[in-house]
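Work through the exercises below with the structure in view. Try each task before reading its solution.

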Amino acid sequence: MRIGELAEATGTTPRALRHYEQAGLISSERAANGYRVYEEPAVVRVRNIRLLLAAGLTLDDVRVFLPCLDGDVTAVPPSDKGLRVARERLAVLDERIAAQTVARDRLESALRERTGEPRRSPA
């Protein structure tokens, strides 16, 4: 299938697919006209990549899961390395959330001081 067909089948964009390919997560052959051509199993692989990215992992993190990207990635027991990467990513996300919470609280405090607005309830 061509890149547009794979993008449509996986709910992504051709640009994202080229990015995944550049990152070494998917591969294609070139047709005589130079178009990228993907095999049918690429659909499952791309869906798994998108699932892992949606969970907060980066493309570099996803590389650890290459051995199981062609099947049901949620059914395979995670490797020790996969668990380590996921825990490290979770720690990074927790740090970012904490920093954003501090920034939000500072901004809210500054607004209250200048406008007298009551404190917002946490979302």
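**Exercise 1.** Leaving aside its neighbours within four places in sequence, which residues is Y20 in contact with?

Solution. First, the ground rules. This is a predicted model, where local features need pLDDT of at least 70 and side-chain atom pairs pLDDT 80 or more, while totals for chains, interfaces and linings use all residues. Residues are numbered from 1 along each chain as its sequence is written, and side-chain values use heavy atoms, without hydrogens or water.

Next, apply the contact rule: heavy atoms within 4.5 Å. Y20 then meets T12, L25, I26, V46, I49, R50, L53 and L59.

**Exercise 2.** Find the residues that touch the most other members of the largest nonpolar core.

Solution. Such a core joins buried (under 20% relative accessible area, 1.4 Å probe, protein chains only) Ala, Val, Leu, Ile, Met, Phe, Trp, Tyr and Cys residues through side-chain atoms within 4.5 Å. The core has 24 residues, and L17, Y20 and I49 touch the most other members. Now look at the helices (DSSP runs of H or I, at least four residues, numbered from the N terminus). α1, α2 (14-22), α3 and α4 (59-62) each supply at least two core residues. α3 gives the most, five.

**Exercise 3.** Decide whether D72 is buried or exposed, or in between.

Solution. Locate D72 in the loop between α4 and α5 (80-115). D72 has 46% relative accessibility, so it counts as partly exposed. Finally, relate D72 to Y20: they are 52 residues apart in sequence and 19 Å apart in space, C-alpha to C-alpha.

Technical notes: Buried < 20%, exposed > 50% of the residue type's maximum accessible area, 1.4 Å probe, protein only.
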